[in-house]
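Please keep the sequence and the structure in view while going through the numbered points.

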Amino acid sequence: MAAIEASKPARRRRVRGLAVNFGRFAIMLATTFLGLLAVTFFIGRVVPIDPVLAIVGDRAPASVVERVREQMGFNLPLWEQFFIYLKQALAGDFGISVLTTNPVLEDIRNVFPATLELATVGTLIGAGLGVPLGVVAAVRRGSIADQIVRIVGLIGYSVPIFWLGLLSLLLFYARLKWVAYPGRLDVAYEYTFTPITGLYLFDAAWTRQWDVLWDAFRHIILPGSLLGYFSLAYISRMTRSFMLNELGQEYIVAARAKGLSERRIVWFHALRNASVPLVTVIALSYAGLLEGSVLTETVFSWPGIGLYITNSLQNADMNAVLGGTIVIGSVFIAINLFSDFLYRLLDPRTRAK
Amino acid sequence: MTDPSSPVPPMASNESWRDWLLTAEPHSRHQARLGRAYVTWRRFSENRLAVTGLLIIVALVLIAAFADLLAPHSATIGNLAGARLLPPGSPGFLLGTDDQGRDILSRLLIGSRITLAVVALVAIIAAPVGLLIGTVSGFAGGYVDAVLMRITDIFLAFPKLILALAFVAALGPGIENAVIAIALTSWPPYARLARAETLGVRNSDYISAVRLMGASPARIVIRHIMPMCLSSLIVRVTLDMAGIILTAAGLGFLGLGAQPPMPEWGTMIASGRRFILDQWWVATMPGIAILIVSLGFNLLGDGLRDALDPREAGR
């Protein structure tokens, strides 16, 4: 009976705990996002010596410089500029891209699905291969298989992705002619295929255009595998570490004593417990791929946000660069927090406290 | 040194160096430290991969130091008339030449200086900043901790390469700006690490003893907390060096790092990209150099971690 009576304040305490947690979460999200905008503001307005001169050129008459300065609000105090910048950014207004003359947000909306598709394929490949490899390495610790997985992972950590991309293009595209390049689709399909979501693989399968699906697959497989290799290096290493941790626990001994098959113990009991931190790792590597695609997209002429940012960089289009930075940064923050949240959801030990 | 023990000759006649180093009862602080280093070295040198990594890094440092003597040709002035795009193994040009008729081997050798300089500069800038912020944050606690860690988290939440790209875009391309940009993005993990280590020791008895003796907070942090953070920080920095090299090379590849006549490896790959189909070696050789060096740093870092932190060994 005492337990029931005690449960009421306990529940109230838990609700309050949840509210505090949520409040802390909201503050974290808000300050991180504010920090992101503060840094991009700093990069865009403070670091360049004179943004006005960068636009009108250094031969413009003084009256023009003055007028542009006023139009752009550069005569206002810095904090006021930041406030205006904040208001615009929160409304999704990152300015006009000098290169494409479209609003930056519209440009990004067009190119983002390409990056999303590439990173998704990369993560699927990386997790699909990395988790089993890590498990095998942990189970056969110290064996040749373990050493091979370790070396494969180490090379993945050490190789410049753009270089590996160039070499694989040379081999699989130029010499063997197995894959297609550049971009996401052959020119022949570029004008006949109208995407729905922008994820070409999905769109083509949805509309049952199998030839388009095959073509999109031939384009994405090489950059996707490359990114997949990178997340494989990280995921297999972490899987191995988590699995070693689980395999040393007492419940494994109990399962063995019960007479369960080794396969069942490893893949069902141990991996299931290791999967809680693994989900976080996979989410983080997904976020990392969204970022890591900058170099890959440049090598493969993949029209995603990475290529958009580097193209804008080369044309000194700061609005587009900073807009892209904000969008990738926001996605990054969101995935980070989401993985944190997932961890709490999946691990019962973090729930009751 | 305020050494309470009586000085003992480092080696008694019937004792070997090994026994002296491994003794359970060292007679001086000096001996204890040397013994500790010896044990660490033995654990490190058992690991063949780690020693390979160390050898690669030592070779890199030696090559960078004597690059002028080792390089058979000029790194920047080529022979446009007679030596354009020669394949590897051509007489006098072991790794071939690039489109300007420059010897790729010489460029790689001289370029090792840039790689080493970038890594060293980033480590020298980012590690102390992270160490300072982390230890102060962990030791002070309260508002100082909350504010500093919030700032750290903000930088940690940023995608590194993108932030470095944006910084270089604003500062203008160049190797110095690339170093600044990479340093700006790499200190937060060190701050986190140093803070965690600080929280581990801040309430221990020796800190209380030092405080009782009247040491100022600054002295406690600098003399008594920072040394405790060093070993894990060194491991982390070594492991990060491969990432720094790759980021610098990536910036060079995008045309934002070192600028063309400089023999920076990433920039060399970018300039070899145009010839990749017919003259594969122009872009391939610098990539191999980057791979070897960052592999060396990774192996070394792994070995150091296993040697300095036995808890993590074999993970």
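1. The interface between the chains comes first. In chain A, 40 residues are in contact with 37 residues of chain B; two residues are in contact if their C-beta atoms, placed from the backbone, lie within 7 Å. At least two residues each are supplied to the side of chain A that touches chain B by α1 (2-46), α6 (144-158), α7 (161-175), α10 (210-247), α12 (262-300), α13 (305-314) and α14 (318-346) of chain A. Helices here are DSSP runs (H or I, at least four residues), numbered from the N terminus. The most is given by α14(A), with nine residues. By class, this side of chain A has 26 nonpolar, 13 polar and one charged residue. Ala, Val, Leu, Ile, Met, Phe, Trp, Tyr, Cys and Pro count as nonpolar, Asp, Glu, Lys and Arg as charged, and the others, Gly among them, as polar.

2. Residues are numbered from 1 along each chain as its sequence is written, while chains are lettered from A and ligands numbered from 1 in the order in which they are written.

3. Where pLDDT is low, the predicted coordinates should not be read in detail.

4. How do α5(A) and α10(A) cross? Their axes (lines fitted to C-alpha atoms over the stretch in contact, with angles from 0 to 180 degrees between N-to-C directions) come within 5 Å and cross at roughly 35°. The residues of this contact comprise 20 nonpolar, 11 polar and three charged.

5. Is Leu233(B) buried or exposed? Leu233(B), found in helix α10 (residues 217-253) of chain B, is buried because 21 other C-beta atoms lie within 10 Å; the cut-off for buried is 20 or more, against 12 or fewer for exposed and partly exposed in between. Leaving aside neighbours within four places in sequence, Leu233(B) is in contact with Ala127(B), Leu131(B), Tyr190(B), Leu193(B) and Ala194(B).

Notes. Predicted model: local features only at pLDDT ≥ 70, side-chain atom pairs only at ≥ 80, totals over all residues.
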